[in-house]
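Subject: Structure for your review

Dear colleague,

Here is the structure I said I would pass on. My notes follow it.

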Amino acid sequence: MLIWEETMMKRAMIGVNFPKDAGPKNIDRALESVIEDGYDCVELTMTKFPLIIGGDVSWNYVNYLKSILSQYNLVYTAHIGSGLNLRKLDEHDLHRNVLRSTLEICDALNMRLLTVHFEEASRIMAEEAAFMDAHAEMADYAKSKGIMLCIENIEVEHHSRVIDMIRQINRDNFKMTLDIGHLN
């Protein structure tokens with residue numbers, strides 16, 4: 001059983017995105033605000049921090065961030081928004097390394113859930129195959145770290161494509177993050 005299921009699913013929690021106006025210089029104040037507002041969880045957008053450079057983990061910054069996050073009684077999850085594109089064949093290895101590095105960071109920061117975007121499907125079969133294969137590979141890698149990898153529906157693509165992808169990849173730690181704002 002995944003660590004996420006064992007530790008997080010035993011009680012209901014309410015979370016929020018890391019404040020948009022917050023960044024590396026005011027992490028403490030942002031986390032204090034999250035707690036003051038009564039939230040249990042906070043989702044960090046990974047691109048907000050200099051955690052990955054050229055596809056590789058910046059361990060000095062990860063350790064710095066860990067020292068701050070560990071001071072707060074919050075559950076942390078991670079999100080990769082724009083920028084990750086596993087359909088981009090000419091940079092596929094770089095993007096796959098970014099996702100793998102993000103999973104390593106999630107593990108180091110005890111983040112047991114990572115959400116990535118589905119983005120817009122391609123009409124080029126090789127791009128779609130690369131996208132699917134990379135997610136299946138990374139779901140397996142995430143499982144080895146005890147991380148749930150979730151793919152989020154977006155506003156430019158119908159949610160049924162995400163559901164089809166979840167079924168095709170068929171991993172117990174590869175699920176969907178349903179964004180009802182995007183769904184609308």
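Is Ile166 buried or exposed? Ile166 has a relative accessible area of 17%; the cut-off for buried is under 20%, so Ile166 counts as buried. Please keep in mind throughout that this is a predicted model.

Ile166 sits in helix α6. Leaving out residues up to four places away in sequence, Ile166 touches Ile151, Phe174, Lys175 and Met176. Met132 is 34 residues from Ile166 along the chain, and the two C-alpha atoms are separated by 9.7 Å.

Overall fold

The secondary structure consists of seven helices and eight strands. The radius of gyration is 16 Å, close to the 16 Å that the globule rule gives for 184 residues, so the protein is as compact as a globular protein of that length. Along the principal axes, the C-alpha atoms fill a box of roughly 45 × 35 × 30 Å. Buried residues make up 46% of the 184.

In soluble globular proteins, nonpolar side chains tend to be buried together. Here the largest nonpolar core has 50 residues, and those touching the most other members are Phe18, Leu31, Tyr76, Met111, Leu114 and Ile151. Helix α5 gives the most to this core, with eight residues.

Leu114 is worth a look on its own. Not counting residues up to four places away in sequence, Leu114 touches Ala78, His79, Ile80, Leu99, Thr102, Leu103, Cys106, Ile147, Met148, Leu149 and Cys150. Ile151, another of the core residues with the most contacts to other members, is also among the residues that Ile166 touches.

His135 belongs to helix α5, which runs over residues 125–144. With a relative accessibility of 1%, His135 counts as buried. Neighbours within four places in sequence aside, His135 is in contact with Leu86, Val116, Leu149, Ile151, Met165, Ile169 and Phe174.

His135 also lines the largest cavity, together with Ile80, Gly81, Leu84, Asn85, Leu86, Arg87, Val116, His117, Glu119 and Phe131. The search of the whole structure finds one cavity of 30 Å³ or more, and the volume of the largest cavity is about 70 Å³. Its lining divides into five nonpolar, four polar and two charged residues. Strand β6 and helix α5 each supply at least two residues of that lining.

Backbone and local points

Two asparagines have positive phi values. Asn110 has phi near 60°, positive in a residue other than glycine, and lies in the loop between α4 and β6 (113–117). Asn170 is not a glycine either, yet its phi is positive, at about 55°. Asn170 lies in the loop between α6 (159–169) and β8 (174–177). The relative accessible area of Asn170 is 61%; the cut-off for exposed is over 50%, so Asn170 is exposed.

Last, Asp56 is in strand β4, residues 56–57. Asp56 touches Leu51 and Ser101, again not counting residues up to four places away in sequence. Met176 is 120 residues from Asp56 in sequence, and the C-alpha to C-alpha distance is 26 Å. Met176 is also one of the residues that Ile166 touches.

Regards

Terms used. Residues are numbered from 1 along each chain as its sequence is written. This is a predicted model: local features need pLDDT of at least 70, side-chain atom pairs count only at pLDDT 80 or more; totals for chains, interfaces and linings use all residues. Side-chain values use heavy atoms; hydrogens and water are left out. Helices (H or I, at least four residues) and strands (E, at least two) are DSSP runs, numbered from the N terminus. Buried means under 20% relative accessible area, exposed over 50%, partly exposed in between (1.4 Å probe, protein chains only). Contact means heavy atoms within 4.5 Å. A nonpolar core is a set of buried Ala, Val, Leu, Ile, Met, Phe, Trp, Tyr and Cys residues joined through side-chain atoms within 4.5 Å. The radius of gyration is taken over C-alpha atoms; the globule rule is 2.2 Å times the number of residues to the power 0.38. On a 1 Å grid over the protein atoms alone, a cavity is a set of points where a 1.4 Å probe fits but cannot get out, and a pocket is an open set with protein on both sides within 12 Å along at least five of seven lines; lining residues have an atom within 4 Å of a point. Grid points are joined across faces, edges and corners, and a volume is the space filled by probe spheres set on the points. Ala, Val, Leu, Ile, Met, Phe, Trp, Tyr, Cys and Pro count as nonpolar, Asp, Glu, Lys and Arg as charged, and the others, Gly among them, as polar.
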